[in-house]
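Have a look at the model first, then read on.

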Amino acid sequence: GGVEKKESISEKLEREEERESIRGVEREREKARIEERRKLEREGKEREMERERGRKAQERELQNELEMTKKIQAEVEGQKQLLEQKQKELEEKGKEMEEMRVALNSAHRDTQQLM
């Protein structure tokens with residue numbers, strides 16, 4: 001009977017080793033799953049950060065374009081005011097010249113009448 005008992009003990013040990021090896025494999029699989037999940041989370045965060053950087057760069061670009069547009073508008077407005085000023089000056093000169101022409105014609109008529 002002693003031989004059978006030894007076999008059952010070694011069988012028990014074998015079954016225990018199998019169970020341990022299965023548990024070890026399951027632990028390794030779980031570790032691999034956790035590591036994969038962490039990797040995906042990291043990659044997701046990196047992609048999100050990349051998108052955020054791209055969005056911020058686009059925002060800066062649009063902001064710069066807006067600033068340039070405002071500068072150009074201010075310059076155009078300045079030019080417009082200068083042109084309006086010049087136009088007023090020219091109109092004034094035109095009136096003065098018209099007044100001078102009328103005065104000269106009047107003076108000419110006066111001299112004609114004197115002669």
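Let's start with a pair: because they sit three residues apart in helix H1, Glu 50 and Arg 53 are separated by about one helical turn. Their side chains meet in a salt bridge, with 2.6 Å from N to O. The term salt bridge here means a side-chain nitrogen of Lys or Arg within 4 Å of a carboxyl oxygen of Asp or Glu. Glu 50 counts as partly exposed at 47% relative accessibility, and Arg 53 is partly exposed too, at 45%. For the cut-offs, buried is under 20% relative accessible area, exposed is over 50%, and partly exposed falls in between (1.4 Å probe, protein chains only).

A word on what you're looking at: this is a predicted model, where local features need pLDDT of at least 70 and side-chain atom pairs count only at pLDDT 80 or more, while totals for chains, interfaces and linings use all residues. Residues are numbered from 1 along each chain as its sequence is written, and side-chain values use heavy atoms, with hydrogens and water left out.

Now the overall form. The protein has one helix and zero strands (DSSP runs numbered from the N terminus, H or I of at least four residues for helices and E of at least two for strands). Its C-alpha atoms fill a box of roughly 170 × 10 × 5 Å along the principal axes. The radius of gyration is 49 Å, whereas a compact globule of 115 residues would come in near 13 Å. That radius is taken over C-alpha atoms, and the globule rule is 2.2 Å times the number of residues to the power 0.38. As for burial, 0% of the 115 residues count as buried. The protein exposes about 11400 Å², and carbon and sulfur atoms supply 54% of that (Shrake-Rupley areas with a 1.4 Å probe; for residues, only the protein chains shown count as cover).

Back to the charges. There are 30 positive and 33 negative side chains, and the centres of the two sets lie 4 Å apart. Lys and Arg count as positive, Asp and Glu as negative, and His and the chain ends are not counted. Each charge is placed at NZ of Lys, CZ of Arg, CG of Asp or CD of Glu.

The structure holds 10 salt bridges, including these:

| Salt bridge | N to O distance |
|---|---|
| Glu 50 and Arg 53 | 2.6 Å |
| Arg 55 and Glu 52 | 2.6 Å |
| Arg 55 and Glu 59 | 2.6 Å |

Which residues are joined by salt bridges that share partners? Glu 52, Arg 55 and Glu 59 form one such network. Arg 55 and Glu 52 are three residues apart in helix H1, which means about one helical turn between them. Arg 55 and Glu 59 are four residues apart in helix H1, so about one helical turn separates them as well. Relative accessible areas are 38% for Arg 55, which is partly exposed, 28% for the partly exposed Glu 52 and 46% for the partly exposed Glu 59.

Finally, the surface patches. Glu 7, Glu 11, Glu 14, Glu 17 and Glu 18 form a negative one. Patch residues have over 30% relative accessible area and no salt bridge, with like charges joined within 9 Å and nonpolar side chains (Val, Leu, Ile, Met, Phe, Trp, Tyr) within 5 Å. Glu 7 lies in helix H1, residues 2–114, and is partly exposed at 45% relative accessibility. Met 68, Ile 72 and Val 76 make a nonpolar patch of about 280 Å², and Val 76 is found in helix H1.
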